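Colleague: I would like to go through the labels used for this model and hear what stands behind each of them. Please set the values against the cut-offs as we go.

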Amino acid sequence: QVQLVESGGGLVQAGGSPRLSCAVSGNILNINSMNWYRQALGKQRELVAGITSGGSTNYSDSVKGRFTISMDNAKKTGYLQMNNLKPEDTAVYYCNAPRILFSDLPTGEKVAVDNWGQGTQVIVSS
């Protein structure tokens, strides 16, 4: 089994630059891609950023130029560096990995799909 745990959220002043982390635990063999979503109060969950194992990235228009997504394969940890935060960035941020290949000995290799973390709250004050 695998588990995703986000960290790094909290209270921050507008203009702040926190970094969110997504640690993937288990006997991980491969993480195909990783995404960051966010959901503000009263709004739908939206895709903020994504990265593939090949290094390709994409960002929503609202965060493009301010946020940077990355992944450390050795640590099996993803990151979302957020710069120049605005009050409208306030939301619960979720880490998502659509497909994770892991080892489940003695059973063997398995694929975990649609993997989500529990979310971390980011509150930006003006």
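Colleague: How do you know what share of the contacts in the protein chain with a separation of 6 or more comes from residues 24 or more positions apart?

Modeller: The model is predicted, and the share is computed from its atoms. A contact needs heavy atoms within 4.5 Å. Among the contacts in the protein chain with a separation of 6 or more, 56% are between residues 24 or more positions apart.

Colleague: What fraction of the residues in the protein chain is buried?

Modeller: Buried requires under 20% relative accessible area. Of the 126 residues in the protein chain, 41% are buried.

Colleague: Why is strand 9 called largely enclosed?

Modeller: Strand 9 has six residues and five of them are buried, so the rest of the structure largely encloses it.

Colleague: How do you know which strands pair with strand 9?

Modeller: Pairing takes at least two bridges. Strand 3 and strand 9 are joined by five bridges and run antiparallel. Strand 8 and strand 9 are joined by six bridges, again antiparallel. Both counts meet the cut-off, so both are pairs. Arg19 has Gln81 of strand 9 as its bridge partner, and Ile69 has Leu80 of strand 9.

Colleague: What makes Leu80 stand out in the largest nonpolar core?

Modeller: That core has 29 residues, and Leu80 and Tyr93 touch the most other members. Strand 9 (77-82) and strand 10 (91-104) are among the elements that give two or more residues to this core. Strand 10 gives the most, with six residues.

Modeller: The limit is 4 Å between a side-chain nitrogen of Lys or Arg and a carboxyl oxygen of Asp or Glu. The N to O distance for Arg38 and Glu46 is 2.8 Å, so the pair qualifies. Arg38 is buried, at 6% relative accessible area, whereas Glu46 is partly exposed at 32%.

Colleague: What makes the salt bridge of Asp89 with Arg38 a tie between separate parts of the sequence?

Modeller: The closest N and O atoms of Asp89 and Arg38 are 2.9 Å apart.

Colleague: Which residues are linked with Arg38 in a network of salt bridges?

Modeller: The network links Arg38 with Glu46, Arg66 and Asp89. The whole structure has five salt bridges. One of them is between Lys110 and Asp104, with the closest N and O atoms 3.1 Å apart.

Colleague: What makes the phi of Lys76 worth a remark?

Modeller: Most residues other than glycine have a negative phi. The phi of Lys76 is positive, near 55°. Lys76 belongs to the loop between strand 8 and strand 9, in a hairpin with four residues between the strands. Its relative accessible area is 22%, so Lys76 is partly exposed.

Colleague: Why is Asp114 called exposed?

Modeller: Exposed means over 50%. Asp114 has a relative accessible area of 53%, so the label applies. Asp114 is in strand 11 (residues 108-116), and its phi is also positive, near 55°.

Technical notes
Residues are numbered from 1 along each chain as its sequence is written. This is a predicted model: local features need pLDDT of at least 70, side-chain atom pairs count only at pLDDT 80 or more; totals for chains, interfaces and linings use all residues. Side-chain values use heavy atoms; hydrogens and water are left out. A nonpolar core is a set of buried Ala, Val, Leu, Ile, Met, Phe, Trp, Tyr and Cys residues joined through side-chain atoms within 4.5 Å. Buried means under 20% relative accessible area, exposed over 50%, partly exposed in between (1.4 Å probe, protein chains only).
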